[in-house]
Amino acid sequence: MSTMTTGTVYLVGAGPGDPELMTVKARRLLDSADVVFHDSLVGDGVVDSIPDDVRVEPVGKRAGGERTPQAEINDRLVRAAKAGREVVRLKGGDPTIFARGGEEAEHLARHDVPFEVVPGITSAVAAPGVAGIPPTHRDHASTLAVVTGHEDPTKEDSALDWDALSGLVDAGGTLVILMGVGRLPDNAAALRAASVDADTPVAMIERATLSDERVVTGTLDTIVDIADAAGIEPPAVTVVGN
Ligand code: SAH
């Protein structure tokens, strides 16, 4: 039996993509880690900035491709930590927003592996911000909701209450949809069915903060065609509201 001290797993947010938008703490941990397990959403610039002597393990792929099973990621985090390594689990944006950071933390806790959450700048806020659309504004929006546009298809009932979200938008709130490119037509239709005004402004920000960032704008009625014509692809953030 080894008497090695268990390493710590840092659940780190890499920010929205631009390497300059990661925290000082994330930078320090990436520079001193033994191993980094990262998602495919993490910006290439961030991954490239990891020093050569740090082991880098990509885990996970975009929607459509194979992704490393969550159970396998959980196991690998535990094994690396129990082998005495300092582990960075690096995720795009913030590690606790639609990133399974909570599930991984629970798994680590169950296996007595010390962990720490290191917040990152979430795309939910960064993408609208850099596109000139402040999610809240004293004159226009005093509520912000962040939802997934791509629910677990095995769920029986939608976890999204479109009537409530519609009320939020009607009351002047901002609705931010992550993972919403594939189901944009369904989501736009759901909002219309919940009687959100057809003229409600909608913007989509693709690859926010990266050099090839694109922004398209329209209304609830026009955004599906506009996004289609522009060929908007994931990752993109959809913003609905005045
Ligand atoms: N933890 C991440 C979100 C993971 S869910 C965060 O806090 O940002 C994945 C979704 O995030 C994508 O489908 C997309 O909606 C959004 N996203 C992440 N990075 C993005 C970027 N650079 N530009 C636009 N959308 C992004």
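Which backbone atom lies 2.7 Å from an oxygen atom of the ligand? In this predicted model, the atom in question is a backbone N or O atom of A236. The protein covers 94% of the 540 Å² of accessible area that the ligand has on its own. A236 also belongs to strand β10 (236–240), which takes part in an open sheet of five strands.

**Surroundings of the ligand**

- S123 places a polar side-chain atom 2.7 Å from an oxygen atom of the ligand.
- G92 contributes through its backbone: an N or O atom there lies 2.9 Å from a nitrogen atom of the ligand.

**The five-stranded sheet**

- The strands of this open sheet follow the order β6-β7-β10-β8-β9, and their pairing is mixed.
- Its edge strands are β6 (144–148) and β9 (214–219), each of which pairs on one side only.
- From one strand to the next, the twist averages 20°.
- Strand β8, formed by residues 201–206, pairs with β9 in the antiparallel sense, and six bridges link the two.
- In this part of the sheet, V202 stands opposite G218, a residue of β9.

**Helices lying across the sheet**

- Helix α5 comprises residues 123–130 and lies across β6, β7 (174–178), β8 and β10.
- The direction of α5 is at about 75° to β10.
- Helix α8, residues 223–230, lies across β8 and β9 and runs at about 155° to β9.

**Details of the backbone**

- Most peptide bonds are trans, and most residues other than glycine have a negative phi.
- The bond between P234 and P235 is a cis peptide bond, with omega of about 0°.
- P235 is located in the loop between α8 and β10.
- D112, a residue other than glycine, has a positive phi, near 55°.
- The loop that holds D112 is the one between α4 (101–110) and β5 (115–118).

Key: Residues are numbered from 1 along each chain as its sequence is written. This is a predicted model: local features need pLDDT of at least 70, side-chain atom pairs count only at pLDDT 80 or more; totals for chains, interfaces and linings use all residues. Side-chain values use heavy atoms; hydrogens and water are left out. A polar contact is a pair of N or O atoms within 3.5 Å; within protein, one must be able to donate a hydrogen and the other to accept it, and residues adjacent in sequence count only if both atoms are side-chain atoms. Accessible areas come from the Shrake-Rupley method with a 1.4 Å probe; for residues, only the protein chains shown count as cover. Two strands pair if DSSP finds at least two bridges between them. Helices (H or I, at least four residues) and strands (E, at least two) are DSSP runs, numbered from the N terminus. Axes are lines fitted to C-alpha atoms, for helices over the stretch in contact, and angles run from 0 to 180 degrees between N-to-C directions. Contact means heavy atoms within 4.5 Å.
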